[in-house]
Amino acid sequence: MTLSAMEIINDPYLNKGTAFTADERKQFGLAGLVPPAVQTISEQADQAYQQYQTKANDLEKRLFLMQLFNENRVLFYYLFGQHIAEFMPVVYDPTIADTIENYSELFVQPQGAAYLSIDDPESMRMTLKNAANNRDIRLIVVTDAEGILGIGDWGTNGVDIAVGKLMVYTGAAGIDPKQVLPVVLDVGTNNEKLLKDPMYLGNRHERIQGDQYYAFVDQFVDTVESLFPHLYLHWEDFGRDNAANILNQYKDKITTFNDDIQGTGIITLAGILGALNISKEKLTDQVYMSFGAGTAGAGITQRIFDEMVQEGLSEDEARKHFYMVDKQGLLFDDTPGLTPEQKPFTRKRSEFANADELTTLEAAVKAVHPTILVGTSTQPGTFTQPIVAEMSAHTARPIIFPLSNPTKLAEATAENLIQWSDGKALVATGIPAAPVEYKGVTYNIGQANNALVYPGLGLGTIASTAKVLSDGMISAAAHSLGGIVDPDEAGAAVLPPVSKLDVFSQTVANAVAQEALDEKLNEQPIADAKQAVADMKWTPEYADLGSELQARLQDK
Ligand SMILES: NC(=O)c1ccc[n+]([C@@H]2O[C@H](COP(=O)([O-])OP(=O)(O)OC[C@H]3O[C@@H](n4cnc5c(N)ncnc54)[C@H](O)[C@@H]3O)[C@@H](O)[C@H]2O)c1
Ligand SMILES: O=C(O)C[C@H](O)C(=O)O
Ligand SMILES: [Mn+2]
């Protein structure tokens, strides 16, 4: 069996458009099916970038790039590689939030995703097999879309976050796009707007919860593990009640990762270490306050706590450095509605004369004087001027990270934080922020978004054939981002710039793979971690069509 010329052109992994060579056009019946000119990939990319620049806004730009992605993966990633910092906010957060909210209206094609319906579990295996289409799948990003960014429950529309996260894996770290699969678990939605929308494309019923939900998740894990034996399974944007349960269920059994818990923990720790490098302070001297102690907030807190223990504090000593504020206010051991992840970080009312008044962030900040404040609350504008002034009055260089996404949900803007703290605050934001000019200094703002770390973490884990993702590998990833920014430059950022994302993703991957080997977690013999990472890395170049087709036939 061989592929027809039309099948080749319509296959995004094989299509080269005007870059098919004269020989290929002759040999595979492509002559006359594309315009006569034979272009190089660089000429194609220049032409595509010119088109991109004519688009009126980020949504239009994204739709154009998705069209390119749908039609020609190599060209898309070549172009992405040339404009990584410019394209990140367009293919990913924050613009991706608009495409998720308007998924039905914008729907053109399914972008290679697998839609797994809880109403049709019998089809699961076949769907996954067909979506993989004989490809050697090494990486799945799966969501059930109950907690998309901070915008809530978006049902089947959430599939876009799986597609988008995977685009960043390849653009940043060079994961082979032939080896990835985006998946949405459509278990229904509690989003009334979607349930009433005649155009909604997902299952039109409330979320199935409890045993049936967990059985469906379990069936999914069993099925992908049996179909794809070398899989790295990435969970994204599950709801607060399920995310940690699922991670705890599988993390010691398979190679798996929760981005919101672990990825956010790593990047935030890296940002804090970067900030302490600037202020020349020690982590173990800090007082940490988590605002919005949900999936991400608790995940970050746990990572910073583990780091303090690693730096020599006992668990009891370390715990004294942490405070959590959620909807109820400062969390105490008798606060109703605590999650299992919050319980270890609650305080005793007896520690405060006015415990019952500590129901707002401002009151908690006044009572505790945190030196680090991290926001994952989905509550915009909650890091107010009085709060920032209060922190600045008690700390030389307060570390303040408003991490809620997308843009409209951020707890504060970087500009306000720099102004309100008179340039003292060490800031990172969840979405990209422009440098802030203040009193003659240009403050570069680091982006504490898990996208700065999960691509390298994934590449390192897959390349090392690690059987699990260990705490040591996670810690190695966080530490590997140090030493890239010069901390002594005025206005230095706490994290390396997104423009270097492709470079430092390799650094992260190398560190993670080395740690996996040091811990003897590799399933296959590997002599050299760096070499294994280099061998795994895919680069966007057109391969010879004949060889590609040959390989395709061998896979069948
Ligand atoms: N920058 C990053 O890399 C990154 C990573 C993950 C999540 N996030 C962002 O963090 C936010 C939360 O995501 P999540 O997955 O943890 O969601 P989540 O629903 O698990 O957690 C949100 C928490 O905020 C709490 N909250 C709600 N209203 C509050 C209020 N008025 N005061 C205090 N707390 C309040 C909720 O009770 C919950 O515990 C989102 O906006 C998301 O985009 C950012
Ligand atoms: O998707 C992002 O931009 C980061 C994070 O995973 C989130 O949920 O906000
Ligand atoms: Mn997320």
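Hi everyone. Let's start with ligand 1: the space it takes up is the largest pocket of the protein. Please keep in mind that this is a predicted model.

So who are the neighbours? Of the 24 residues around ligand 1, the ones that come nearest are R240, T295, A296, D326 and N450.

Two of them use the protein backbone. A backbone N or O atom of G150 is 3.3 Å from an oxygen atom of ligand 1, and a backbone N or O atom of G294 is 3.4 Å from an oxygen atom of this ligand. A side chain takes part too: an N or O atom in the side chain of Q379 lies 3.2 Å from a nitrogen atom of ligand 1. How much of ligand 1 does the protein cover? On its own, ligand 1 has 850 Å² of accessible area, and the protein covers 87% of it.

Let's move on to ligand 2. Ligand 2 also sits in the largest pocket, the one whose space ligand 1 takes. Which residues surround ligand 2? They are Y92, D93, L149, K165, E236, D237, D259, D260, N405, N449 and N450. The shell around ligand 2 divides into six charged residues, three polar and two nonpolar.

Here the contacts I'd like to show you come from side chains. An N or O atom in the side chain of D237 is 3.1 Å from an oxygen atom of ligand 2. D260 has a polar side-chain atom 3.1 Å from an oxygen atom of ligand 2. For N405, an N or O atom of the side chain lies 2.9 Å from a ligand 2 oxygen. Ligand 2 exposes 260 Å² when taken alone, and the protein buries 91% of that.

Two residues from that shell bring me to the backbone. D93 is one of the residues around ligand 2, and a cis peptide bond joins D93 to P94, with omega about 10°. P94 lies in the loop between α6, residues 84–91, and α7, residues 95–101. N405 also belongs to the surroundings of ligand 2, and the peptide bond from N405 to P406 is cis, with omega near -10°. In this case the proline, P406, is in the loop between β10, residues 399–402, and α19, residues 414–420.

N134 has a positive phi, near 70°, and is a residue other than glycine. Where is N134 found? In the loop between α9, residues 124–132, and β2, residues 139–143.

How values were computed: Residues are numbered from 1 along each chain as its sequence is written. Chains are lettered from A and ligands numbered from 1 in the order in which they are written. This is a predicted model: local features need pLDDT of at least 70, side-chain atom pairs count only at pLDDT 80 or more; totals for chains, interfaces and linings use all residues. Side-chain values use heavy atoms; hydrogens and water are left out. A residue is near a molecule or strand if one of its heavy atoms lies within 4 Å of it. A polar contact is a pair of N or O atoms within 3.5 Å; within protein, one must be able to donate a hydrogen and the other to accept it, and residues adjacent in sequence count only if both atoms are side-chain atoms. Accessible areas come from the Shrake-Rupley method with a 1.4 Å probe; for residues, only the protein chains shown count as cover. On a 1 Å grid over the protein atoms alone, a cavity is a set of points where a 1.4 Å probe fits but cannot get out, and a pocket is an open set with protein on both sides within 12 Å along at least five of seven lines; lining residues have an atom within 4 Å of a point. A molecule sits in a cavity or pocket if more than half of its atoms lie within 2 Å of its grid points. Ala, Val, Leu, Ile, Met, Phe, Trp, Tyr, Cys and Pro count as nonpolar, Asp, Glu, Lys and Arg as charged, and the others, Gly among them, as polar. Helices (H or I, at least four residues) and strands (E, at least two) are DSSP runs, numbered from the N terminus.
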